[in-house]
Amino acid sequence: MAPRDTPDPSAAAPQPKVARATAAVDGLDAAGARRRPAGLVAMLQRSWLPQRGLVVVALLGCLGLFLLARLLAQQPYIDATWRVESVEVVELVSSPLPALRALSGGHLTRIDGRDDAAIDVDADLLQRSPRWSVDDASRQHQMTLQQRLSTMLGQGAVTLQFADGRQADVQPLPRGFAGLGAFFWLLGAAALALGLVAAAVLMAHPQPRNLPYAVIGLCQGLNLLAIGIETLPGLGLPQSYAPHGLLARMAFDLCSAAAMVHLSTLQPRRLPAGRWISAAAWGAAALLLALTARQALPQAWWWTQAVMLGCGALTLLLMTWSYRLEPNPFARLMRRLAAAATATLLLLSAAVAVASGQDGLVQDDAAVSSVIWYLFLSTLVLLLPMFSRMQPLMRELALLAGTSTVATSLDLLFVATFSLGAFASLSLSVFFALVVYASTRRWLLQPMSGQQVPGAERMFERLYRVLREVEARPDDSAALLTRLLRELFEPLEVRTLAQPSTRSRVLGDGSALLVPLPIIDADHERAAEGSIVLRFAERGTRMFSRDDARLTDRVVEQLRRAVAYDKAVERGRSEERARIAQDLHDDIGARLLTLMYKAPSPEVEDYIRHTLKDLKTLTRGLASSDQRLSHAAAEWKTDIAQRLGAAQIELSWTFSFDRDVVLGVVQWSALTRVLRELVSNAIQHSCATHLEVSATLEGGRLRLTLADDGIGRKPQDWSHGLGLGGVRKRVKLLGGDVQWRENGRTGIVCTVVVPELGGRH
Amino acid sequence: MAVKVLIVEDNPVARSFLCRVVRESFSDVIAITESGDLESARRQISLTGGAQGLHGVDPFKLLLVDLELPDGNGMELLAELSQYPATKIVTTLYSDDDHLFPALQCGADGYLLKEDRFEVLVEELQKIVRGQPPLSPAIARRLLMHFRPGGSGEAAPADSGFSSAGSFQSSRPVPIEKPLDHERLTPRESEVLTYLSKGFTIKEIASLMGIKWFTVNDHIKSIYKKLNVSSRAEAAVLASKQGLV
């Protein structure tokens, strides 16, 4: 059950775990990403949008709270403020009642009711939270006192006896809504919020694994309500509450603890044997409750605290185990939160235990510190589903509540153990609490923020690099974006979904981030649609937050802009080139044509025709984009065949290539003009009857030979005029080499070798 | 009776050159009408019975139309004259398929490249009139794409980078209506086109396919016709979609 004994989970995490993590992704394939996010918390996708059911629950909750308030408002009470002087002495501080106003400062000794009912007053009368009384006897005493007091108040007028002999007859009046006090409403609102969050989680994802969370939320909400009732101002508790308060609060506490264990066996992943573990937790809680209900268990407070602390420790262990099975940052966060809650509970229990048996003043402090601990716990429960999306303010609030718990517990401890003065202990405890705050804040929130934050400079550098690459290769933008996201977040797992999404969002409990694959290339209809899912940021040590989603959206937007800009520039360029080409072709071409028709001799005419063809090649190269070698070869062949046919020269043509490369504009026009020039040469000078053109492309190396059977000889003696010079120049431009040799007995062989053809120049 | 020929060409030198080509090409008595722009060409045509070539008036038998004219593109005239009973030939300086293919779609029966030598032009003109129109590899490729099931030449880019056989697969949406027969090429015709697109000459194709060279020519003629018909059908569909008809 306990985690295996491997060294550091985060250090051991990356490589071997990825495979298992992949196997564990159950909810993230096509349909899953939308319907079943990986973790507890639910609300992310669909649902902060008010669902109808949630509204109904909220209304019902408000109604329930109102009914409770109404019930409480009808209960009779004595409106007065009291203070515990010492164990035996309870002092009246003030009261708006006319009968008591004059008695301020008096020490209450006894309360008489009807039918000779009476209670002897001591400090326990003001202790209305039996749950946090350590000692069995004093707890029983408190409960009896409260019960009798509320019975007496229910029966009518009571007489308050004071130490100095004075007495006052007081008619208990119903509280009214105003008499409930602000604190009750505050707690009521908090309880309502807890209940709503629990209901929302359950409604958004009605699955058994979210049930424990709902139980915790509900129990803590009820706990807060119970505290609200216990801290009502004045004397007198509602009659129906006094006998059952203790058991109810114990039930809430124990259920929460057991549900916490249960939850951690289900989330973020189902643990093997989790069923047995949670059953054991629930069993212990139920047993303890049953025994307490029968009052068969001595030292009930100790047992309760022990079970709660035990459940806390168990949760810690389970989360550690879960994190080793799958490095989900949510497990890490849960572990730390559980650690914080358990540690503060331990401190509080120790403080209360030490303080028990001290005088009443300390008892009062004990009650207050327990209330603060519950508030702390409630904020944690409240925030758990929203941890990845909530505002930093809320996080700080939760931390503050925790710090306050520490402060009051410490204060209590100091007062009880060292008998320090109130001021000294307060300042000491505040100091220590701040130390604890400062040292744990980072540790606790680290799964949220991470140590990372790559720094603006590095971030910019990465972004810039990827932008450049996307501009260069827009087709790879998806892969490049994935790489950038990998660098930014270092997730354990990246996968692509076919499902498109509109914007980035945090999935599950912050363990995953869904990023839409941008349609970066707007012209391209086939642009990839889909999403990238990143899981477990920073190798599973950090949770994704909404800030991350926002950042990602911005990055994607920047990428899109960069590509759009680049495209616009490219479009502008090609439009400009096309315009120049058009002008050249239309104006110069028409003039050359006229000149050609008027040519005085066939030589001049041919020369001009050649020029015109070169011009056409040039303008076409300007206007068109890249060409495939196979297409170009087909055109060369047709052209050459036609020209040789007119000159009565036989052509044999072989062209073979292992790969159909794409020729850049420069390569295409260079090769076209080289071929034209060489063929012209053969037609004009060789007097050949046969021309053999053969070309092979192997591994990017082009070898082109033209062999004629003409009269040409001794190529080394040729004077390289405009034509052959042009051929040399263009072959050199292609990075190749050209040679002329004698072809056996008759004719010339020209060999052009271009070592690297294809790709872009 | 003289054979009537209309030459639409704005460059006077080129015009007289084309006149020489026409006269050289045919032994009949030729009556050549010349016009320098679209407007005068239209006028000439309406004098001889209008665009439909009806009324029993003696129409032009041969039209040579330049693509780049001062008051518009020769293709406009070709499109108007789709029913005109004459051999229509485009004369142009542009030899690339981007310019020529649309002209063929508008109903041209062939094209002449103005920079070719006199003798070549004469030969080509004779061939076209005899029904042996030229077909360059680039245009053959365009034709293949045009007649590809489900795709018209305009929808697919001329060079998408995916023109290997692999991309001609079934992932394209299948057209709901079955294309009519006149919109489809026979297997022999596609074979001829494929060879042409690879740069084979007609003689080579004839020997590769084991048929006579004039049979190859017949295929090419038939392809021209189908292109014309299918383009017109396409235009009609387009027009009715836009509510023009």
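The buried residues of helix α20 (residues 602-623) of chain A pack against α19 (546-597) and α22 (665-686) of chain A. Here contact means that two C-beta atoms, placed from the backbone, lie within 7 Å. A residue is buried if 20 or more other C-beta atoms lie within 10 Å of its own, exposed if 12 or fewer, and partly exposed in between. Helices (H or I, at least four residues) and strands (E, at least two) are DSSP runs, numbered from the N terminus.

This is a predicted model, in which local features need pLDDT of at least 70 and side-chain atom pairs count only at pLDDT 80 or more, while totals for chains, interfaces and linings use all residues. Residues are numbered from 1 along each chain as its sequence is written, and chains are lettered from A and ligands numbered from 1 in the order in which they are written.

**Chain A overall**

Chain A holds 23 helices and 19 strands. It has 761 residues, and 44% of them count as buried. Take the contacts in chain A between residues at least 6 apart in sequence: 73% of these join residues at least 24 apart.

The expected span of a helix is 1.5 Å times one less than its number of residues.

In α20(A), the buried residues are A:Leu612, A:Lys613, A:Lys616, A:Thr619, A:Arg620 and A:Gly621.

In α16(A), A:Val466, A:Leu467 and A:Val470 are buried. Seen down the axis of α16(A), these buried residues fall within an arc of 110 degrees, so they line one face of the helix. The arc is taken over the directions from the helix axis to the C-beta atoms. An α-helix has 3.6 residues a turn, so residues three or four places apart point the same way. On the other side of α16(A), A:Glu457, A:Arg458, A:Glu461, A:Tyr464 and A:Ala472 are exposed. The cover over the buried residues of α16(A) includes α17 and α19 of chain A.

**The antiparallel sheet of chain A**

Chain A has an open sheet of 4 strands in the order β9-β12-β11-β10, with antiparallel pairing. Two strands pair if DSSP finds at least two bridges between them. At the edges stand β9 (493-497) and β10 (505-507) of chain A, each pairing on one side only. Neighbouring strands of this sheet are turned by 25 degrees against each other on average, direction ignored. Axes are lines fitted to C-alpha atoms, for helices over the stretch in contact, and angles run from 0 to 180 degrees between N-to-C directions.

β11 (residues 512-516) and β12 (residues 531-535) of chain A pair over 5 bridges. A:Val515 has A:Ile532 as its bridge partner in β12(A). A:Ala512 stands opposite A:Arg535 in β12(A). On the β10(A) side, 3 bridges join β10(A) to β11(A), and A:Leu507 stands opposite A:Ala512.

5 of the 5 residues of β11(A) are buried, so the strand is largely enclosed by the rest of the structure. A:Ala512, A:Leu514 and A:Pro516 are buried on one side, and A:Leu513 and A:Val515 on the other.

α17 (residues 477-489) of chain A lies across β9, β11 and β12, at about 20 degrees to β12(A). α19(A) touches β10 and β11 of chain A, and its direction makes about 20 degrees with that of β11(A).

**The parallel sheet of chain B**

In chain B, 5 strands form an open sheet in the order β2-β1-β3-β6-β7, with parallel pairing. β2 (30-35) and β7 (110-113) of chain B stand at the edges with a single partner strand each, so one side of each is left without a neighbour in the sheet. Neighbouring strands here are turned by 20 degrees against each other on average, direction ignored.

β1 (residues 3-8) of chain B pairs with β2(B) over 6 bridges. B:Val8 stands opposite B:Ser35 in β2(B). Helix α2 (residues 38-47) of chain B lies across β1 and β2, running at about 140 degrees to β2(B). Helix α5 (residues 118-130) of chain B lies across β3 (62-66), β6 (87-92) and β7, at about 175 degrees to β7(B).

**Where the chains meet**

The contact takes 21 residues from chain B and 22 residues from chain A. On the side of chain B that touches chain A, α1 (12-25) and α6 (137-146) of chain B each supply at least two residues. The residues of that side divide into 7 nonpolar, 6 polar and 8 charged. Ala, Val, Leu, Ile, Met, Phe, Trp, Tyr, Cys and Pro count as nonpolar, Asp, Glu, Lys and Arg as charged, and the others, Gly among them, as polar.
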